[in-house]
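This briefing sets out selected features of one protein model, grouped by topic. Please read it alongside the sequence and the coordinates.

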Amino acid sequence: MAFGPDSRTDLDRFTATLDASARIGPGRPGGLSRLALSDADREMRDLFVDWCKGAGLQVTVDACGNIFARRSGQDDALPPVLCGSHLDTQINGGRFDGIAGVLAALEVVRTLNALGHVTRRPLEIVNWTNEEGARFSPPMSASGCFVGAYDTDWVHALRDDDGCRFGDELARIGYLGDTPCAPRDIDAYFELHIEQGPVLDAEGAEMGVVTGGYPSHGMRVSFAGRTAHTGPTPMDERRNALAAGARWLTMADDIGWAYAAQDGKASAARLVAWPNKAGILSDHAEAVCDVRHPDTTTAKVMAERLRRAAVEAAAHCGCEYRIEDEWHWGGDIFDAGLITSIRQQAERLGVRHRDLPSQAGHDAYFLARHCPTAMIFTPCKDGITHNNEEFCTPESFGAGLDVLLHAVVERADRPAPLQSP
Ligand SMILES: [Zn+2]
């Protein structure tokens, strides 16, 4: 049977592949704790590479550990169509998240292999390293490097809570590749991901066409104080960095509440302090917050309030502060042509679909800076995610997989550009 308008992916094969992944790096019951560059990440990567080789793909690994698995096209000189997501998880992560997106890309390739269809352009599957940022902050660090937003050396120098370097951990698990992690010609990037929100599930939609990302701003701030005895030190002489960090976090939470009616959000996400012991005031704290809002200008206003809150929190506690890192993503970043193609394929295949923005960050946000990019969302039960109770039925992927197959092939098979003589 040749590839045609009615071709379908194999949901049983996809489900079996997803189930195999769900056994690597178990976390709380039903979930995964497969942190980037851990032993479990290595085990998953090894299995993924085996699958890719079994599908006849040529596997390369870049200097940030991103894995690319290439299927030749009829014209191998044309830039590839890239499709994937990430295999790492949060510390209390689910077994679907970005994993479904990488394995969906593999399912597209397996389907084309079974049908004997060679696309005009090459196809590449990608697994991006450290999308979650659960172990090494910031998230999406390796896709950011791929599009030139970060330097490889900067990514390699990131440290986890135990002081382990990203670059050393990459080498330790055998995924410090020799291909540079740097921008190269990509025809288009597709990413399928579970929605991580309740909209599709609540409406009984089979698939979401992602129109863009909520504009988001995040920052990591350090506070410097002075250690002192918790007893005799007078209040006006205290420089408690832990209190400054905690104050900033609660101020961030208040900013989120101030915009909640318009679906604005702020996350007080992380606080570490040293020495963080009873009996002594901490002289160091580091905290991470982010804000997001559907409106770009309002998101910027929220970010400015977050920045001012850091200054106020430091001043109130007699501490100094420094913004260590700042990031921003989202907006109307996805390609109108690819969005239309996904929508048309969904309609043609009779899939119940709706448009919606993404509220979480994704590697696709960085790729959108580099090449035409689009995302497909699939439903997840009650929108529960970054939790071991994250759940998707096998059937919930069927529509997204088929639409992905046809959108990828449409893109990869379109005529080659005219050449000047
Ligand atoms: Zn994800």
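In what follows, Ala, Val, Leu, Ile, Met, Phe, Trp, Tyr, Cys and Pro count as nonpolar, Asp, Glu, Lys and Arg as charged, and the others, Gly among them, as polar. By that division, the lining of the largest cavity comprises 8 nonpolar residues, no polar residues and 1 charged residue. The model is predicted: local features need pLDDT of at least 70 and side-chain atom pairs count only at pLDDT 80 or more, while totals for chains, interfaces and linings use all residues. Residues are numbered from 1 along each chain as its sequence is written, and side-chain values use heavy atoms, with hydrogens and water left out.

**Cavity**

- The structure holds 1 cavity of 30 Å³ or more, where a cavity is a set of points, on a 1 Å grid over the protein atoms alone, at which a 1.4 Å probe fits but cannot get out.
- The largest cavity has a volume of about 50 Å³; grid points are joined across faces, edges and corners, and a volume is the space filled by probe spheres set on the points.
- Its lining consists of V81, C83, A105, V108, V109, L123, E124, I125 and V408, lining residues being those with an atom within 4 Å of a point.
- Two or more lining residues come from each of β3 (81-85), α3 (99-115) and β4; helices (H or I, at least four residues) and strands (E, at least two) are DSSP runs, numbered from the N terminus.

- β2 pairs with β4 in the antiparallel sense over 5 bridges, two strands being paired if DSSP finds at least two bridges between them.
- β3 pairs with β4 in the parallel sense, also over 5 bridges.
- L123 in β4 is the bridge partner of R71 and also of V81.

**Strand β6 and its partners**

- Strand β6 (residues 207-224) is mostly covered, with 16 of its 18 residues buried.
- With strand β10 (residues 353-358), β6 pairs in the parallel sense over 5 bridges; V210 has L356 of β10 as its bridge partner.
- With strand β11 (residues 373-378), β6 runs antiparallel and is joined by 2 bridges; G208 stands opposite F377 there.
- With strand β9 (residues 320-331), β6 is antiparallel over 10 bridges, and S216 stands opposite W329.
- With strand β8 (residues 284-292), β6 is antiparallel over 9 bridges, and H217 stands opposite V291.

**Aromatic rings and charges**

- The structure holds 12 aromatic pairs; rings of Phe, Tyr and Trp (its six-membered ring) pair if their centres lie within 6.5 Å, and planes under 30 degrees apart count as stacked, over 60 as edge-to-face and the rest as tilted.
- One of these pairs, F68 with W128, is edge-to-face, at 5.8 Å centre to centre and 90° between the planes.
- That pair links distant parts of the chain, 60 residues apart: F68 belongs to strand β2 (residues 67-71) and W128 to the loop between β4 (123-127) and α4 (141-146).
- F68 counts as buried at 4% relative accessibility, as does W128 with a relative accessible area of 1%.
- Ring pairs also link F14, F96, F391 and F397 into a cluster.
- R184 lies over the face of F68, at 4.7 Å from the ring centre; a charge sits over a ring if NZ of Lys or CZ of Arg is within 6 Å of the ring centre and within 35 degrees of the ring normal.
- The charged end of R45 sits over the ring of Y175, 5.1 Å from its centre.

**Backbone and loops**

- S137 and P138 are joined by a cis peptide bond with omega about 5°, and P138 is found in the loop between β4 and α4.
- The peptide bond from W274 to P275 is also cis, with omega near 0°; P275 lies in the loop between β7 and β8.
- Q196, which is not a glycine, has a positive phi of about 60°; at 17% relative accessibility, Q196 counts as buried.
- H386, likewise not a glycine, has a positive phi of about 50° and is partly exposed, with a relative accessible area of 37%.

Note on methods
Buried means under 20% relative accessible area, exposed over 50%, partly exposed in between (1.4 Å probe, protein chains only). On a 1 Å grid over the protein atoms alone, a cavity is a set of points where a 1.4 Å probe fits but cannot get out, and a pocket is an open set with protein on both sides within 12 Å along at least five of seven lines; lining residues have an atom within 4 Å of a point.
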